[in-house]
Amino acid sequence: VDGDLYFSVSSDEAFGSVSGLTRDQMVLLFAEQGGDPDRAGKKDPLDCLLWQRQRPGEPGWDAPFGTGRPGWHVECTAIALHHLGPSFDVQGGGRDLVFPHHEMCAAAGHVGSGVRPFAQAYVHSGMVGLGGEKMSKSRGNLVFVSRLRQQGVDAAAIRLALLSHHYRSDWGWSHEDLQRALTRLSSWRDAVHSDSVAPAGPLLAAVRERLADDLDAPGAIAAVDAWAAAARGQGHRDVVHTAAPGAGELVARTVDALLGVKL
């Protein structure tokens, strides 16, 4: 359409570095995710919309290149550069935003500011499903924390159910997940209040190590599980733990501070 402006992805030497996809993969995903690779007149099928000329009945703002509105990708780039400046720390979202959105945002940011990388780190979470389908507002297949809380579910158990899956992994919410979290929470609480407990120092180090490795919350939870089993005398029989005064309190503080779970 006359008056529409496109960003030339070839102007960014780092284009593709965020997603790590091949060109063929990007062209395919671009079409699936609402792009227009087959649009006539574009220099490159992957060029993305910078400015869309106003259509009848649509909003528009005056600009040197005509009345219209910015494309989605460059709009987010402008917001980030304005409020955070070039090369900020973290950009995150669902994995469905890796391409084209975050790839296009980064490319426009690189060219507009001359600074690379656009974000120092990218944190993309997996998709959460329910009954074999991705949760989404459009489908209405959502599980609300507020409703779980109204039903009397402990907030700490809800958090544990979420943390038991790595944030980058796709997974599906289930009643069984919540039941496992409730059982785990009860076990941990019993352990921190037990008389005979295992030393807490190694656990603190293990939880820190796991979280430092790309927020490996499931690994951190496994470490607490092992400590709780040992504290309650359920660990390996050939391992003897002497009394460790204050260990339960330290574990409770560790789990609260690093995992956000109150025991």
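So, a definition to start: buried means under 20% relative accessible area, exposed means over 50%, and partly exposed is in between, with a 1.4 Å probe and protein chains only. Now, this is a predicted model, where local features need pLDDT of at least 70, side-chain atom pairs count only at pLDDT 80 or more, and totals for chains, interfaces and linings use all residues. Residues are numbered from 1 along each chain as its sequence is written, and side-chain values use heavy atoms, with hydrogens and water left out.

Okay, salt bridges. I'm counting a side-chain nitrogen of Lys or Arg within 4 Å of a carboxyl oxygen of Asp or Glu. The whole structure has 16 of them.

Take R116 and D12: their closest N and O atoms sit 3.1 Å apart. That pair links distant parts of the chain, 104 residues apart, with R116 in the loop between helix 3 (98-113) and strand 5 (119-125), and D12 in the loop between strand 1 and helix 1. Helices (H or I, at least four residues) and strands (E, at least two) are DSSP runs, by the way, numbered from the N terminus. R116 is partly exposed at 43%, while D12 is buried at 4%.

Next up, D4 with R39, closest N and O atoms 3.5 Å apart. Here D4 is buried at 12% and R39 is partly exposed at 24%.

Last one: D256 and K262 form a salt bridge, at 3.1 Å between the closest N and O atoms. D256 is partly exposed at 31%, and K262 is exposed at 55%.
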